[in-house]
Structures are given as C-alpha cells and as structure tokens.
Amino acid sequence: MSPALVILGRKDKSPALVILGVLLLQTGAQGFGILPGNSQSHLEITEEAILNVTVQVCRGLAESQGNDFTFPSQPFTITGVAVACRAENSMKRFQQAITSIIFRNVRVDLLQALNASFHFDDESFISGRNIITTGLQTVKANNRQQNFEAAQDNLGKILHPLQDFYSHSNWVENGNEFPNSNLIRSDTSIGNIADESRATCRSCDGDDCSNNILEDIIQEQILTSGYFGIIPVVSTKPSGKCSHGGALDLTSRIEPTGGINKDMFDSEHGFLHTVAANLAVSATSEILENIRQATGDAPFLQMLGISRGSGKALCFVIDTTQSMSDDIAAVQSATSSFIDSQVGTLNEPSSYILVQFNDPEFGPLIRTSDPEVFKNNIDDLSASGGGDERELSLSGLQLVLSNAPQSSDIFLFTDAPAKDQQLKSTVIVLIERTQSVVYFLITGTGDNRRRRRSNGDLQQHKRISPSDVQLYRDMAQAAGGLVIEVENDKLLEATSIIGQMSNSSVVTLVQASVTPTQETDFETFTFNVDQTTNNVRLLITGNPTRIVLGNPEGTNGSLVVTLTGSDTATVTEVTLVESASLVEVQGVVEPQGRRNFLVRFDTIPSVPFVVRVKGNVNTTSGESISFQRQSSTSFQASKLTIQAEEDRNLMPGMVLSVPFSVNTEGTGGNVSIRGTTNNPLYTVSAPSTLLVEPGVTANGTVTLSVPLDTPSGTTVTLVIEAEDTGDLDINYIVLRISVLNPVMDFTAPVCEVLCIVNCVHNCNTTSWELWLRVSDGTEGTGVERVSLTQGNGKLNIRPAPDDANVILATYNASCDSPDVELLVVDRVGNVGTCAFNAFNTTSGGVASSLTQTPLSYAVLTLALGVMLSLNVW
C-alpha cells in the first residue's frame, strides 16, 4: 500500500494560495486593457465595481439586522471588504468569484475578438444590447436555481460589451455624465442611432483626433461607434463613418482616417479614457445592483462567494445498498455530530449537498442551506437493493462535482468497488476544474466481508481488492484528499479527523504520495512552518513502518497566482512539484499588481504535479516573515489542445450543437472523444474518434439536449475529453451551459394604490396605512417578491385570492416615518420600485379616489369588498 502524507497548518490571517490557471494574452485585444497598467483595464473596472456594490449590500444587510457597519478604508480591497462584511473566511471564495467574473470578461477579447456586437463596434448597438439583456436574464435565472458559478460566468461575458460601450461609442463625446441605463433593458430605446448612410466623422488632423466627430452628431445626440477590421482587402466601412482606431485597425486608414476609441491613454480619444472608464465602473455597478434587487441580498452575496461561515459546501455521497445498512447508521451518527460541531462557527458550510448511489440508480442531488434539513435528509436514508458486487460510486461523485461550488469538501462512503470505472478521467477532470477535495471512507477492505441481500438471501462476497482501492486512491491524490479504510465503528472518529482538514483556516504545507521500491527505502519531506501558522498536523495513511519527525524548528506554459488573506504578501518562488517523484521545476515570478503574479516555466511536467508557492508577508509589527503554501489539487500538462465555445444558451427540448477542435503536439493519429454531462436525463452525442495530425486542427461537434421540463437557470456541465491512447495523453474542456426558456416579459410589476389612510386626513391619529395591489399585467410572469427598501413600518403581503399573479400588500407606519419604498420583482427578474409618502396620496402609484377623504374601516368594507381581510393581517 502506498503511504500518503499530508502536512497541515492552521493559518492566522495568513495568505492563502489561489491558483488561477493559465492566462492567455492577445496583443491588440479590443476594449479596455487586460492587465493592470497606466490605463484602467477591464480587470480594474470590474473589481472596483464589485467591491463598491458589495460594500453597499453588506452595509444594508447589517443595518437591517440592527448591526453596526464599519466602512473599509479606501481604496477598497478584497481583504478589507471581506472583513467589513464579517466574512473573513469567505475571502478566498470572494477572490475566486471576482477572478472568475474577470476571466470571463477578458475571455471575450480572446474568443470574440472580431465579433462587433460584443464590443459595440460597427454601430452594432441593437445586437450588443441584446447580448447584455439576454445574458442578464440568464444570470438571474442561474441565481434562482442557486447555480452561482454559472451566474459568475454569464455575468463576466456581458460585462465586457457593457464596459466597451463607453470606450467605443461616442456616449462620452456627446457629453453624457451618467451611464446609459437602457443598455440593460429590452423594452426601451438606447438612443438615436446613426443611420447607415449618415456620416459621423471627419479625418483626424495628423495625430490629433480630438475634433474628428462631426458637430451635428454631437449636437443631435446621435449614437455612433467606430468600425474595426484587421483582415486585408475585406476590412472596410461605410462612407463617412468613424473607425475604432489603433495600429491593428485597417479601417482607420480609410477616409475619414483615425479613430475614436478610448481604450487607453494613448488611444486616439485617450484624453477621455478616465471619463469612459469611470462611466464603465458606474454602469457595471448599475447592472450589479439590478441583479442584487432581482436576486435578493443574501443570494447576491453567495454569487460573489460571500456567505456565513466557511463559504464552502459540505457534500456527502453515500452508498445505500443493503450491505451498507450498518455503515449508514454509523454515517448518520457521525454526520449529526460533525455538522453540529460546525453550526454557528466560522467553519459552518454555506450549503449542504447529498447524493446517494445504488445499482442501477444514483441521485437525485439534494441541496439545502439548512443544517437541520440536511441532517433530516441523512436520517431518511435507508439501505436496500444491490445484488451486484460493484456500485455506481463515480456516477454519484460526478453528479456532486458537476453541481457543487468551487473548493467544496466531498465525503464519499462506500464498501464497494466502482462499477462505472470508465468515468475515472471525467471525475478527475471535474476535480481539477472545481479544485474540490474528496475524501473516500471505505469500509469493505478489512477482514469483514461484504454482505448482500439478494432475493431475501444473505450472501457472502469478497472484500474490495487492492486494485479497486487504488482507483479511489488515484482520485484522492488528484483531489488533495485521502482514502481511509476503516471499520464502521470507527467512522465517527475518521470523519472527525477529516473534518479538521476541511476547516476553513487550514492550509496545506506539503502533500505527497510515494511508492517505495524496497522496504528499506526512506523518503524525506521538507517543509517550512512560518509564524502565520500554528497547530501543525501530519496525517499519514498506508502502512509505513517507520516515521521520524526531525528538526521542527526554524523557517529554514505560464501560471497566474493570486494571494488572498493579506494585502502585504508577495510571492518570491513558485515551483511545480511532481506528485510521485517530487522532482521540481522552478518558475520565474513576475508581479502584475493587485496580488497577481505571472509565473513562467521553461518546461511543464508531463506527469501530475502540484504548485508550491513561497513568499513573504509583513506582520502587524512590521516584521517580514516567509511562508509556504501548496495547492491541494494536482494538475497535469498535455500535448493535446481542445477548444470549444459555450456562449449560447440551451432551450429545453431543443438540440444544441457545440463545435470543438483538437490539436496535438504529439505523434497524432486517431484520438478518442468522449462527451458526458452531469445528469443521465441529458442527451449528449459525440464522435467516437477524430483523426488528429500534428499541426492540423481537427474539428468535431457534440450535440446536447435536455427534457422540456428542465427549469430555466439550470446548468448543464458538459465535459468533452480527447484521449491519445498511443501517447497515453488526455485533455479535456469543461463547459457550463445554461438552460434558458424564452423570455417575453420585459416589464417590471406595477403598484396600484387601493387606499391610503394618511396623516393629513387623520389628524387625530399618529399612524398611516397604505393598501396596494401589485401586479405584473395580463402578459406578465407574475409577481415573485415584494420587499421593503425604505421605511420603518410593517409590511404584510399575501397572494390575491382571485389572481395568482397578483400580490396584495398593506403597510403600516408612524406619521414620523412618512416615506416608504417597495422593491417589486417578477418571476423572470424584472425589477421595479414603488415610492409613497404619508402626506402625499398620489406619490409613486395610481392614486385611488378613496384617499381624498378620511375613511373608516366600515367605509372601506363597502368600497373594497373582498379587501376587508387585509385589516386582520
């Protein structure tokens, strides 16, 4: 048995390691820059807006709960905002969410560089706005289904065109000082768009383009944007139109010459760069606020990785075949104690996920944020069925990995080998993709024998073989987890130990798995214990015969690394360490600003490796100390490259074609192709093989469909794998495709005043009352939520007895609190507000004639009939 070693330390506000992945750069990418510099980039614009809005959301939540709120110091940082939100343990997930959104934003320049609609080039205002509004609907639908990572992806995609609007159009030149709010609405005009035949620009005066937009365009507030093209001969523009500009834009050499973009300070209209960037920040904040209103404060923060406790998901994948009856009872006992120990602490999970597997079925996936509900779900498990020696353990694990958020803790309990071993590579793909940690607790490997009830008879079976256990070990090694072979009466103890590893304050110092060739072989592991860590623990599995801990004193491609947990930390060394041999490859570290470090390597290991980071951090006393961190998930390079796009949504019942391409730097030949999804009810079809020759791109198509009753906002995780069996090489791409039903409702609900018993007409009283009918119209999807955004009174709501799409509301308040504002949201996320005042009966709604004279409840009874029931809410 191969011994495995994990060395952990508990951090004390120390930097945590976040591996972002390979950063692809493209010279001359359209829009604001990609990386930080003298000009404001998409990265900086997006992060600034997210931090600004997050502070306001946390402030509002604190005030609504009667808690004090302290604003973080300016400029806002991820660390400062997380602390202000009392979510220090969510810092890493907050960073990951922002990074994911930014990556999807920047990725638009890489995948859609020549698609004018994604950049508002070529006066493509209508199609550009459609990308934003459709994506906004998708983000809201994702959030409604708690698919927060899919929401991050779709948000990043639409922020790019939204921000480019202010750099590529003449919105700034026209003198506008506020964002164009109609870019996020489908039911309004975004402005007077220049006709195709209307001239908009004159040639620049040499290098001076400050006056190249025609005066009548500015005076009449006509919208235009620059044309852009990089293909010789083909690149052109209509007569008299503006160009984007820049060295790559061939249309800028056609009369009228020059350009109007404000991407950087040295762009043709770079003198307006700061104004355009600030408007892009405001517009980004505006769309984030719209999502917040449609989603609600707590789910909005979850989308950004901020939640109570650890911010992690706790996931259980449990074998429920008959032979597990005793084990399930032990799991139930262990689960209850484990969860109770975390509730109310900084380690409390933000969500809980349960998947059971049997044979021939697995699932469904059950998700909740209530620990008591989760414990009840565990308690409801019962053992039944079986008959086959092997179970669908990997199918259950795949289902969890496809739906759980990043960096989840997953526990798999079984006493059986895997029946679905063909999913091994897919599961490892998802482990690498989500960087989740998986722990396998196996109870069928000792002297105890598996017992199956088949047709009522008790049968004897062999225990799990070493080769079957090795399958689980391979996945645990990739996931930074462990395989623990344990009797069921030790499950509680084993779960408790692993629970300590999932503590949000625990960081990995060293992790390795070795296979000694001789009994006398002795492996040495060196690690640093710096002053930011304490309570160091060594967890060793396997059968080592001798363990020595010595000298525990002292602190003796491309990759982007981001540090969280400290604004003063810096990276000094990044090493790729082969998981099996411990061979190291040193990288060259290049600081990029904002806690990002670009690391370049001359070679990448061809075998699984982990990333080890060393650096320095300043303590509160001003002392600089060194630290060491290691990624818990292992990675592996490949000579195969596979690419695909998932920018389209999937409609229920319709077939979606997903084109993909494969390249190789290896010997080439027939490459096996596999396509899998996270749900057996989803239909996927892929070619079995592709002929891939070195230097030649091979193209294929995967088709995908989901049942008609699939809810809008559902995320389909599609994994496309390419395997070259000759070179023993494999690579993959993971696509998150959102299901979106067609949306025809683009208008927000409205408030109709049924009655105001106001302070002016009731001089003998000190309170006032408002009765409302909130509706979404006959063609609307119905009112989903009515909430109070301003006012100190009491709001009561109930469905109308005669119309399921209508909400009836009453509001009672003191005359000392005369103002009230309600947020009204329909079922597809359209947001509206209704404002009223106790001394102004017509404010903010349709005033009823009933409000013109003092009224008693008796009069209201006659006037409103069925509304009498409102009085007793």
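1. Asp745 touches Asp776, Gly780, Thr781, Asp826, Val828 and Asn830, where residues up to four places away in sequence are not counted and contact means heavy atoms within 4.5 Å. Asp745 is located in the loop between strand S29 (729-738) and strand S30 (750-757). Helices (H or I, at least four residues) and strands (E, at least two) are DSSP runs, numbered from the N terminus.

2. The model is a predicted one, in which local features need pLDDT of at least 70 and side-chain atom pairs count only at pLDDT 80 or more, while totals for chains, interfaces and linings use all residues. Residues are numbered from 1 along each chain as its sequence is written, and side-chain values use heavy atoms, with hydrogens and water left out.

3. Asp745 is buried but has no salt bridge; Arg827, the nearest side chain of opposite charge, is 8.9 Å away. Buried means under 20% relative accessible area, exposed over 50%, and partly exposed in between (1.4 Å probe, protein chains only). A salt bridge is a side-chain nitrogen of Lys or Arg within 4 Å of a carboxyl oxygen of Asp or Glu. For charge, Lys and Arg count as positive and Asp and Glu as negative, whereas His and the chain ends are not counted. The side chain of Asp745 does reach the backbone nitrogen of Thr747, at 3.2 Å.

4. Strand S30 is largely enclosed by the rest of the structure, because six of its eight residues are buried. S30 pairs with strand S31 (residues 767-775) in the antiparallel sense over seven bridges; two strands pair if DSSP finds at least two bridges between them. Glu752 has Arg773 in S31 as its bridge partner.

5. The structure holds 22 salt bridges. Arg104, Glu149, Asp153 and Arg736 are linked in a network of such bridges.

6. Within helix H10 (residues 371-379), Glu372 and Lys375 lie three residues apart, about one turn of the helix. They form a salt bridge whose closest N and O atoms are 3.2 Å apart. Glu372 is partly exposed, with a relative accessible area of 43%, whereas Lys375 is buried at 11%.

7. Lys424 and Asp474 form a salt bridge, with the closest N and O atoms 2.9 Å apart. Lys424 belongs to helix H12 (residues 424-434) and Asp474 to helix H13 (residues 466-479), so the pair ties together parts that are 50 residues apart in sequence. Lys424 is partly exposed at 26% relative accessible area, and Asp474 is partly exposed at 29%.

8. A salt bridge also joins the side chains of Glu590 and Arg600 (2.9 Å, N to O). Because Glu590 lies in strand S18 (residues 588-593) and Arg600 in strand S19 (residues 596-600), this pair ties together parts that are ten residues apart in sequence. Glu590 is partly exposed at 26% relative accessibility, as is Arg600 at 38%.

9. An open sheet is formed by three strands in the order S32-S35-S36, with antiparallel pairing. Strand S32 (783-790) and strand S36 (831-837) stand at the edges with a single partner strand each, so one side of each is left without a neighbour in the sheet. Six bridges join S32 to strand S35 (residues 819-826), and Leu788 stands opposite Leu822 in S35. Helix H7 (residues 273-295) packs on the sheet and touches S32, S35 and S36; its direction makes about 115° with that of S32. Axes are lines fitted to C-alpha atoms, for helices over the stretch in contact, and angles run from 0 to 180 degrees between N-to-C directions.

Note on methods: A polar contact is a pair of N or O atoms within 3.5 Å; within protein, one must be able to donate a hydrogen and the other to accept it, and residues adjacent in sequence count only if both atoms are side-chain atoms.
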